[in-house]
Number of protein chains: 2
Amino acid sequence: MKTLGIIGGLGPESTIDYYQKIIALYRERTRNGSYPEFIVASVNLRKGLDFMDANDLAGMADYLLQGIGKLVRAGADFGLISANTPHIVFDDVASKSPIPLISIVEATCAAAKTRNLKRLALFGTAYTMQGTFYAKVFSREGIELLVPEPNDQDYIHDKYMNELVPGKFLAETRSGLLAIVDRMKAKSDIEGVILAGTELPLILRDPAHNRIPFLNTTKIHVEAAVTEMLS
Amino acid sequence: MKTLGIIGGLGPESTIDYYQKIIALYRERTRNGSYPEFIVASVNLRKGLDFMDANDLAGMADYLLQGIGKLVRAGADFGLISANTPHIVFDDVASKSPIPLISIVEATCAAAKTRNLKRLALFGTAYTMQGTFYAKVFSREGIELLVPEPNDQDYIHDKYMNELVPGKFLAETRSGLLAIVDRMKAKSDIEGVILAGTELPLILRDPAHNRIPFLNTTKIHVEAAVTEMLS
């Protein structure tokens, strides 16, 4: 078995989601009663947000690489960053990392390709919706990504930071997010929504809404990781 | 700040409880918006249970020391094992560990002493209730520990292994556990109950029952750990 190392804490609620999903999926696939051995380095979310706010991408990459160094010394054979936003510096981090890293963006793109989805909405933090790191990977596969209207982006980002990350999941916010999905369906005929923030599947728990499928990036990332653990 | 390393996964649900409690308490004590950096090495619960079933305490100690080695290499300054049962080999592990370890038994004993409790029931796995590792520490402080009747021990152990560890928390089991508390109060006039299994506070969430206080060993352990992080 290959040992997985996880950069966690970005944010903590989604790290727990990864932790539970990895154990459940590993047990489902192995069916021998055993539990996976893996390592989590939980980092300081405040520091990550400060790097993002200051647009200090080199600082962000260095901080993630420090965490990866801990995982490597603990014996990780490969790693992942359990959050979407930090993937803004994924290429830089992956090229300097001593172990292979599984990208949540590439894993999600592969999942979209398998499902033959060609036109997808992208929900995430402002950094993710306004960044090019998702579009860059998806455009290579001919998949078009659409982001919400600017005021809807503000709504998602605000709710993400001030409710979801601190672990508040409100029915009202759920409705607000689904209304954005409906508007994008009506206006742009999207074929699905990428929940490109690992806290989003914690509030949008259904696999679809009004027949519009949701791509749960946490679930997709975990599936890729467990496949690698057992490869 | 001192870096904490945690041996987790024994079982996974209580590791999540530690994870959330450590972050919440750290944030409550620091109040500067930051999140703690710490490391979790999640180990194979099945392996731990096999060592216990085979009464292979040397194997258990070695396995825990392997995990501690990972934490040390990842940069942990001190550590803890996030479970009660493995504390059966705590003295051996702590004496061989390159970093100091915080014992859940000693932390709980200190908490009982502070609250001036002299006669306590001990709930946990069969290994914990039948072992001497709790009594040894508490007797030094003149605190008497009482274990449930043999058939009640069987009930607790069975529910622990087959429901709590896999994450099933049933109202019926909660009532069954509280009935044991009531019987021990009536028969032996206990002053409190040590929830000496880190899954027990996940089903007995109240701090007391019929005025009998519960000592939540997870909470006590986390308080000791966060105090050390910030010392």
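In chain A of this predicted model, helices H2(A) and H3(A) are roughly antiparallel to each other, since angles over 145 degrees count as such and the axes of H2(A) (residues 45–53) and H3(A) (residues 57–73) cross at roughly 155°. The two axes come within 8 Å, and H2(A) passes H3(A) in a left-handed crossing. On the H2(A) side, the residues that take part are Lys47(A), Gly48(A), Phe51(A) and Met52(A). They meet Leu57(A), Gly59(A), Met60(A) and Tyr63(A) in H3(A).

Another place worth a visit in chain A is Pro98(A), found in the loop between helix H4 (90–96) and strand E4 (101–102). With a relative accessibility of 61%, Pro98(A) counts as exposed. Leaving aside neighbours within four places in sequence, Pro98(A) is in contact with Ile68(A) and Val72(A).

Strand E7(A), residues 192–195, pairs with E9(A) in the parallel sense over 3 bridges, and Ile194(A) stands opposite Leu215(A). Strand E8(A), residues 208–209, runs antiparallel to E9(A) and is joined to it by 2 bridges; here Ala208(A) has Pro213(A) as its bridge partner. E8(A) and E9(A) form a hairpin with 2 residues between them, and Asn210(A) in the turn has a positive phi of about 50°.

Turning to chain B, strand E3(B) (residues 78–81) also has both faces covered: Phe78(B) and Leu80(B) are buried on one side, Gly79(B) and Ile81(B) on the other. Strand E1(B), residues 4–8, pairs with E3(B) in the parallel sense over 4 bridges, and Ile7(B) stands opposite Ile81(B). E3(B) also pairs with strand E4(B), residues 101–102, in the parallel sense over 2 bridges, where Leu80(B) faces Ile102(B) as its opposite residue. Together with helix H4(B) (residues 90–96), strands E3(B) and E4(B) make a right-handed β-α-β unit.

Further along chain B, 5 strands form an open sheet of mixed pairing, in the order E6-E5-E7-E9-E8. Strands E6(B) (144–146) and E8(B) (208–209) stand at the edges with a single partner strand each, so one side of each is left without a neighbour in the sheet. E5(B), residues 119–123, and E7(B), residues 192–195, run parallel and are joined by 4 bridges, with Ala121(B) opposite Val193(B). Helix H9(B), residues 171–188, packs on this sheet and touches E5, E6, E7, E8 and E9 of chain B; its direction makes about 150° with that of E5(B).

H9(B) has a helical partner as well. The axes of H8(B) (residues 150–164) and H9(B) come within 11 Å and cross at roughly 150°, and the two helices are therefore roughly antiparallel to each other. H8(B) passes H9(B) in a left-handed crossing. Among the residues that meet are Tyr155(B), Ile156(B) and Lys159(B) from H8(B), and Gly176(B), Leu177(B) and Ile180(B) from H9(B).

Terms used. Residues numbered from 1 in each chain as written. Chains lettered and ligands numbered in written order. Predicted model: local features only at pLDDT ≥ 70, side-chain atom pairs only at ≥ 80, totals over all residues. Heavy atoms only, no water. Buried < 20%, exposed > 50% of the residue type's maximum accessible area, 1.4 Å probe, protein only. Pairing = 2+ DSSP bridges. Right-handed = clockwise from strand over helix to strand, strands pointing away. Contact = heavy atoms within 4.5 Å. Axes fitted to C-alpha atoms, helices over the stretch in contact; angles between N-to-C directions. Parallel < 35°, antiparallel > 145°, perpendicular 65-115°, else oblique. Left-handed = near helix turned anticlockwise from the far one by under 90°.
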